[in-house]
Amino acid sequence: MNDREALVSELVGDRADTWDLTGLIPAEPLRKLGEAGLLCGELPEQYGGLGLSSLDNGRFTAHVGSLCSSLRSVMTSQGMAAWTIQRLGSAQQRADHLPRLTSGTLAAVGFSEPEAGSDLSAISTEIRPDGDDVVVDGRKVWVTAAHYAHLLVIFGRYGDGAAAVLVPADAPGVTVERVADPMGCRAAGHAGIRLDSVRLPRDHVLGGAGAALTMLVTAALSYGRMSVAWGCVGILRACLAAASCHAKSREQFGRPLAQHQLIGGHLADLLVAEQTATRVCEHASHRWDEGSPDMVTAAVLAKHVGATQAAAAAATAVQVLASAGASDGHVVARAYRDAKLMEIIEGSNELCRLMLAQHALSVSG
Ligand code: FAD
């Protein structure tokens, strides 16, 4: 275990289930991880970041995901915000805002709206120039980490195109309201955001404004997909460890569960799932680190494989533990709820399959 992993292991300890049940990660671990630059580890050193490769940050993300998917979700949001500013911001905007994300400021990213879920072309949030300012009006839903965030990266319509705008969470006209009782990742701070005539200096609009919405959104979502995919590897590792441990120690019919062949089959399935997701994530991170044109598709593939494998494997792990894992407060019960949500976010299973089908059509003669 490297120093980064040791720090996060110490900060999470055995508290992930308590955080899940109370729906809250305390401020202290978030502050410590934020200030250490660990919530957005790929940010270059010039902005106070760790400058990790996608592969190294992915492996760290898997470690966090194996401990607590809520914390990993907060990390995904922070990394996605950092990536968006890095990709879309001017040199001045990067210099102004990125060092904040490695010194304790927490961020969240809002795309989704009540009428714009899978179909982000239906976004209606408006970012309107008004003299030296812009005025933002709209509503975002289910924004991960918004409850904790000091800075909101909000996507909206801007003239004939689209833009992302940096909105301080305490700006007049911003209301953040938590999602009540989320099914999983309960401590990830999901919230709805209302933006009522929020007036901001024009330089809060990230450069590239007026570009096509799809282009802006794809950049941000690709980072999110990589992070979720690696987080799912973590869920898979937690499930494999819990199921193996239980199968060795629990006896029925006079021998350990592991010696019943059908349970052995479940353990094999868990190992195959964990190894498959890991290899696909490694492939995607290599493409990302090379700056390959394939990286967008590789990220979709990794996210889809990770999420579907994690959701199936978490159900298998609950099956192996049976009543021992069937209550809230157990790692496999938490994994079961968390993993299901991974099949919805950053491109649902269906949307990922549609994108992969498009890719298959484009590469087949
Ligand atoms: P819908 O779009 O209404 O889809 C319902 C179902 O129909 C899904 O199964 C979908 O796959 C399917 N479907 C839709 N269109 C098609 C199609 N063309 N073909 C086939 N099937 C289709 N949003 C943010 O902006 N920021 C966040 O940080 C964020 N975090 C989230 C965290 C969690 C835990 C959850 C649950 C959601 C989060 N979201 C966030 C919102 C998320 O992006 C949306 O839930 C997701 O895009 C799906 O949209 P929807 O829920 O409105 O479902």
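User: Which residue has a polar backbone atom 2.7 Å from an oxygen atom of the ligand?
Analyst: That is F111, whose polar backbone atom lies 2.7 Å from a ligand oxygen, a polar contact being a pair of N or O atoms within 3.5 Å. This is a predicted model, where local features need pLDDT of at least 70, side-chain atom pairs count only at pLDDT 80 or more, and totals for chains, interfaces and linings use all residues. Residues are numbered from 1 along each chain as its sequence is written, and side-chain values use heavy atoms, leaving out hydrogens and water.
User: And what do the side chains of T144 and E350 reach?
Analyst: A polar side-chain atom of T144 is 2.7 Å from a nitrogen atom of the ligand, while an N or O atom in the side chain of E350 is 2.8 Å from a ligand oxygen.
User: How many residues surround the ligand?
Analyst: There are 18 (each with a heavy atom within 4 Å), and the closest include S112, S118 and S348.

Key. A polar contact is a pair of N or O atoms within 3.5 Å; within protein, one must be able to donate a hydrogen and the other to accept it, and residues adjacent in sequence count only if both atoms are side-chain atoms.
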